[in-house]
Amino acid sequence: FIQMLRRAKKRDILQLLGKAPEEMVPFFVEAAVAAQSMASLAALSDYLDFGKAPKSLLETFLYAAAFSPWPSKELLTLVLDKLQGKQLEPEVWETGIVVIGSLVGKLCQQELCGSQEVSRGAETLLRGLGSTSEESEVLTYLVSLRNAMLPKAIPMLLRHAEEGPTAVAAAAVAALRSFPAQHISKEVKRAMRRIFHETRKSYEKTCRLAAADILMDNEPLPMDIINILLATKELEPEMATLLQMKVQNSLHAEHHPARKVVKTIMRDPRINNYKCFSRAGMSSAFTGPLAVTQDLLSTFGLELLFAEGGLLRKSVSDFSLFSRGHRLHVAEVTLEAQGMESMLGENTLEGQEEPELMAGMSAAFFDVHLRPVVFFKGYTDLMAKVLLSSGEPTSVVRGNLLLMDHYQVIPLQSGLQMVVKLQGGLGLDISANMDVSIWEQDLKTSINTRASLAIDFQAELDAPFFQTTMRSQTEVETSIHFDTALRFSESPVLMCLQLREDQVPYR
């Protein structure tokens, strides 16, 4: 369908969109974005009215743009023009800003950072972050800059990380975590040390843990690892347990940047002893291989951070690919819940502000971070969701994405030419649900991921006297469900985790 659209004229594409059945329009929009011809982008510009079109269709268009494997400057210009000077629904505006970051980041990887269009996109993000004090808008710009990975944004991110309120500081540190090691300078590391060791003010535990991750994951210094381990003696048990598990995990992961440093440190009995590693928390961190070949390593990681009362504070599940020194985040799903302890009558630790009651989810696929989903925020919102809950899961992302789009002409020694075409498409449907029962005092969460991958490969040799074609088609379908159940009617809190995977048909 994409190949057909690349040959079509603007009026034909507009006619197709105008006459399509309602349920097919999102698919046609995704295909038109993937085609990225001048005609298809011009047709989309005319067809999509950001003031009137349904929110779901606009988000379909924006996410199709965000996941484009090789976006053009014209696609970025189209998104910028559609967002400029219009009164948009908050969700559409937030998604649009996040998508601008993804497009800017990918175009910079194509060495187009200096172009007029990319400069305009980067300026939109930097100027927007500098001119707003509304926390929700600041968080949106920080997620976008996490996608863009602009080195010139680092000073601004550091300022928000050290001086911002709780949620802003955590989002800014998360954005800094996305940068490759060459951009994690001495200045960045000094700021992360101040945050982790709280030399200037106190920080929320997830922010401190993210700062420790930056110090451990980017050409780590032995003294930083030693200081982190020594600090665990003073930390609350759950945070200390998670840090110790992460350090121990790095020893078993050959790809981990801290592996050699930690191996050397562990020879010192003053560090590697029972007293240092005997904190008895429930928090856990695990990373293990899913598949290993000569060129590729596929891993699954799971982090669970509990609050001191036994409730799940944060869970992160991660699927990654490592190849020749590069890492691709295939999927990362984060569930967070805070402030639940106060509902159970637990007191906040002295010197810490009571966190706002909140539960939400954030996700990243193929290094693109999506707009976070908030299940509820504040006690009033929670009660409204409990009383008015439809039981329907919240859709995080749904659609069809073009992941691979490769065309190459290979000259052979015989003087003939071979044409190679490779296209890969992904159908993705991810939803999440959180069900809180105040009466039965339990909490259930579920993340459901359904995906189908189709890859089409064709190699063609065309000579005056003969023609030969080799073609292969591959299809894979998978479905993964991650469920958690908490019962806090008794102490200790009972918890069940379940990861279910349906049978994977491979054709």
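**Exercise 1.** Classify Phe466 as buried, partly exposed or exposed.

*Solution.* Start with the cut-offs: buried is under 20% relative accessible area, exposed is over 50%, and partly exposed is in between (1.4 Å probe, protein chains only). Phe466 has 34% relative accessibility, so this residue counts as partly exposed. Phe465, at 65%, counts as exposed.

A word on the source: this is a predicted model, where local features need pLDDT of at least 70 and side-chain atom pairs count only at pLDDT 80 or more, while totals for chains, interfaces and linings use all residues. Residues are numbered from 1 along each chain as its sequence is written, and side-chain values use heavy atoms, leaving out hydrogens and water.

**Exercise 2.** Work out how the rings of Trp93 and Tyr141 are arranged, and where in the chain the two residues sit.

*Solution.* First, the rule: rings of Phe, Tyr and Trp (its six-membered ring) pair if their centres lie within 6.5 Å; planes under 30 degrees apart are stacked, over 60 edge-to-face, and the rest tilted. This rule gives seven aromatic pairs. Next, Trp93 and Tyr141 are 5.6 Å apart centre to centre with 85 degrees between the planes, an edge-to-face pair. Then locate them: Trp93 is in helix α7 (residues 90–109) and Tyr141 in helix α9 (residues 135–148), 48 residues apart, so the pair links distant parts of the chain. Helices here are DSSP runs (H or I, at least four residues), numbered from the N terminus. Finally, Tyr141 is buried at 8%, whereas Trp93 is partly exposed at 22%.

**Exercise 3.** Which arrangement do the rings of Phe465 and Phe466 have?

*Solution.* Their centres are 5.1 Å apart and their planes meet at 45 degrees, so the pair is tilted.
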